Amino acid sequence: MSTSLGEVLDNRRTAEFHKAARALLKEPLLLARGPSADAYRLVRRYAAELRDWFDRNTGWSLRVDAESARLRRTPGTLADATHPAREVSRAGVPFTRRRYVLLCLALAALERGEAQIALGRLAEQVVLDAADPQLEAAGVGFTLERREERLDLAAVVRLLLRYGVLRRVAGDEDAYVSGAGDVLYDVERRVLAGLLAARHGPSLIDADGFEERLDALTAESALDSDELRFRAIRQKLTRRLLDDPVLYYAELTDEELAYLTRQRAFLTARVNELTGLVAEVRAEGVAMVDPHDDLTDVRMPEQGTHGHITLLLAEHLAAADGEVSRGALEHRVRELAAVHGAFWSKSAKQPGTEGELVEQALARLTALGLVKRTPAGVAALPALARYAVGETVVVEPAHRTSQRKAQQP
């Protein structure tokens with residue numbers, strides 16, 4: 001039976017809608033120029049439908065203008081530290097506490113500044129703001145006289161270049177770091193204004209402790225009726241289904257678990273409607289699996305030496321009876337090197353590299369919700385069972401972001 005033109009058009013529209021939504025989930029800030037231009041145009045075409053879906057189902061707002069599309073995401077859980085902002089380089093080194101502070105100070109300086117700014121001038125503003133007594137009391141200070149500090153500022157600027165907040169006009173960050181020159185940038189003020197994704201302005205928060213301030217930044221409005229409470233639960237669960245590779249029942253409150261038990265089919269159908277992800281329901285939780293295998297920022301398994309080591313350690317942990325210490329995992333890497341070393345990179349076989357190899361593997365497994373770190377070492381989570389020896393099918397977990405956590409803006 002031939003397919004009607006109407007069905008073809010409907011299928012094409014659904015595919016484009018999925019592609020636009022997935023683009024926003026991978027990159028919540030899409031620029032109208034550069035590598036993201038095609039995705040931006042697709043999001044703009046379906047902006048009304050996307051805006052309505054995200055508002056109703058997640059509480060996220062979508063702003064689309066002539067320069068960018070910005071999905072203001074807040075994570076389903078605030079306790080996930082596995083997806084940090086990363087240096088814009090091949091190594092992708094995670095941001096340190098110092099770099100996060102520098103990022104905030106740089107954004108504050110840019111907000112007050114002009115349409116163009118030199119890196120040296122930005123550095124002067126950061127140093128002035130860093131003299132705040134509260135920062136000094138917290139042990140954070142910047143003079144930017146040392147090369148390491150200038151490298152940190154350069155890493156922050158390159159992240160802002162990637163986000164489209166800055167556009168390089170002349171110069172190079174390496175020259176600034178070495179003290180041989182300066183860099184001039186255009187400041188994209190509309191992109192800058194949309195970068196913050198908190199529900200409340202940071203300057204309005206009175207809480208003192210870090211956890212308390214984080215809760216206050218993302219707090220819902222007063223939930224003074226059953227309808228509002230159920231809506232908040234539905235939106236939180238939907239955010240977690242979109243963000244987390246596995247939503248474990250054990251991580252939910254009694255009220256959240258009761259709601260998910262009643263509305264699981266509805267919630268997973270709505271996520272499928274937006275993204276094409278397919279629900280995989282197990283006794284321990286729910287995972288939204290990606291048939292296209294591209295809606296993820298952390299892959300498992302992955303090619304290369306580190307990917308191979310991660311997979312082998314996953315198999316080892318899946319077969320373990322209880323927690324495994326870091327020392328035991330490092331010993332296991334040495335054993336694996338004797339068997340598989342011929343296929344590994346030369347650096348991975350050097351004595352003393354076991355600690356770094358284990359850390360990289362654990363970072364990946366933790367980010368995918370497959371293991372959790374404990375005071376005694378590492379414990380396997382239920383989803384890791386799919387990587388046990390003898391398992392015949394390995395399915396890529398769904399997308400993890402993190403807002404952008406800070407990896408994504």
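Me: What makes a stretch of residues a helix or a strand here?
Reply: Helices (H or I, at least four residues) and strands (E, at least two) are DSSP runs, numbered from the N terminus. The model is predicted: local features need pLDDT of at least 70, side-chain atom pairs count only at pLDDT 80 or more, and totals for chains, interfaces and linings use all residues. Residues are numbered from 1 along each chain as its sequence is written, and side-chain values use heavy atoms, without hydrogens and water.

Me: Which helix holds Arg239?
Reply: Arg239 sits in helix α11, residues 226-243. The protein has 15 helices and eleven strands.

Me: Why is the protein called as compact as a globular protein of its length?
Reply: The globule rule is 2.2 Å times the number of residues to the power 0.38, and the radius of gyration is taken over C-alpha atoms. For 409 residues the rule gives 22 Å. The protein has 23 Å, which is close, so it is as compact as a globular protein of that length.

Me: Why does Arg239 count as buried?
Reply: Buried means under 20% relative accessible area, exposed over 50%, partly exposed in between (1.4 Å probe, protein chains only). Arg239 has 5% relative accessibility, so it counts as buried. Of the 409 residues, 43% count as buried.

Me: What is Arg239 in contact with, leaving aside its neighbours within four places in sequence?
Reply: Contact means heavy atoms within 4.5 Å. Arg239 is in contact with Thr58, Trp60, Thr74, Pro75, Gly76, Arg199 and Glu220.

Me: How far apart are the C-alpha atoms of Arg239 and Ala250?
Reply: They are separated by 17 Å, with the two residues eleven apart along the chain.
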